Structure formats: C-alpha cells, structure tokens
Amino acid sequence: MLAAYYDSKTDTEELFQNLKISKDPSYKTNLNSYNVLKIDVQFFLNQGKTVEGLLSLLTDCIVEELKEEYPQVSFTN
C-alpha cells in the first residue's frame with residue numbers, strides 16, 4: 001500500500017479517494033509523487049546462498065535500476 005500511494009509511475013488516486021488518507025492536507029502533495037524501489041525479498045533470499053551473496057546481488061540489482069532511472073548520474077558499487 002505504501003508503494004501504491006507514493007509511487008509516481010502509477011495513478012492510484014481512485015484507490016485512495018474514499019479512504020481517510022484522502023482527507024489529509026498532504027494527500028495530493030504526496031500521492032504518486034515519488035520514485036519507489038520495490039524489492040522482492042523472497043527472490044534475494046532464494047538466490048543468495050550466503051548473506052554476503054544476498055547483499056551483493058541486492059546491491060547490484062539496485063544499482064542497475066538506479067542507472068536505468070538516472071542515466072545522468074555516475075554510480076559505483
């Protein structure tokens with residue numbers, strides 16, 4: 001629900017319009033206004049054979065997503 005509320009890639013106003021949050025003064029300011037990273041934790045738990053492997057894979061995937069979204073920024077991992 002947090003991703004649905006904040007994520008700028010999807011218009012979810014209809015989903016929230018009848019909920020209490022829609023009465024909050026900050027509702028329109030925050031609704032679908034931010035870039036949101038969505039992480040499937042189960043995938044990384046299954047793929048990483050060790051904690052170090054899990055963290056390395058997670059870091060690599062996040063950096064790749066950021067590079068796609070922000071090609072003008074230089075990322076190192």
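## Aromatic rings that group together

Rings of Phe, Tyr and Trp (its six-membered ring) count as a pair if their centres lie within 6.5 Å; planes under 30 degrees apart are called stacked, over 60 edge-to-face, and the rest tilted. Here, Tyr 5, Tyr 6, Phe 16, Tyr 27 and Tyr 34 form one aromatic cluster. A quick note before going on: this is a predicted model, where local features need pLDDT of at least 70 and side-chain atom pairs count only at pLDDT 80 or more, while totals for chains, interfaces and linings use all residues. Residues are numbered from 1 along each chain as its sequence is written, and side-chain values use heavy atoms, with hydrogens and water left out.

The structure holds five aromatic pairs. In one of them, the ring centres of Tyr 5 and Phe 16 are 5.4 Å apart and the planes sit at 75°, so this pair is edge-to-face. Tyr 5 belongs to helix α1 (residues 2–6) and Phe 16 to helix α2 (residues 13–16), so the pair ties together parts that are 11 residues apart in sequence. Helices, by the way, are DSSP runs (H or I, at least four residues), as are strands (E, at least two), and they are numbered from the N terminus. Are Tyr 5 and Phe 16 buried or exposed? Both are buried, where buried means under 20% relative accessible area, exposed over 50%, and partly exposed in between (1.4 Å probe, protein chains only).

## Helix α3: Lys 28 and Asn 30

Lys 28 has its place in helix α3 (residues 27–30). With a relative accessible area of 55%, Lys 28 is exposed. Not counting residues up to four places away in sequence, Lys 28 touches Glu 13 and Ser 33; contact here means heavy atoms within 4.5 Å. The side chains of Lys 28 and Glu 13 also make a polar contact (2.3 Å). That term means a pair of N or O atoms within 3.5 Å; within protein, one must be able to donate a hydrogen and the other to accept it, and residues adjacent in sequence count only if both atoms are side-chain atoms.

Asn 30 lies in helix α3 too, but Asn 30 counts as buried, at 15% relative accessibility. Its side chain is joined to that of Tyr 34 by a polar contact of 2.8 Å.

## Loops on either side

Ser 22 is found in the loop between α2 and α3, and is buried at 16% relative accessible area. What does Ser 22 contact, leaving aside its neighbours within four places in sequence? The answer is Phe 16, Gln 17 and Tyr 27. A polar atom of the Ser 22 side chain lies 3.0 Å from the backbone oxygen of Gln 17, and the side chain of Ser 22 makes a polar contact with the side chain of Lys 23 (3.3 Å).

Over in the loop between α3 and α4 (41–47) sits Asn 32, buried at 15% relative accessibility. Most residues other than glycine have a negative phi. Asn 32 isn't a glycine, yet has a positive phi of about 50°.
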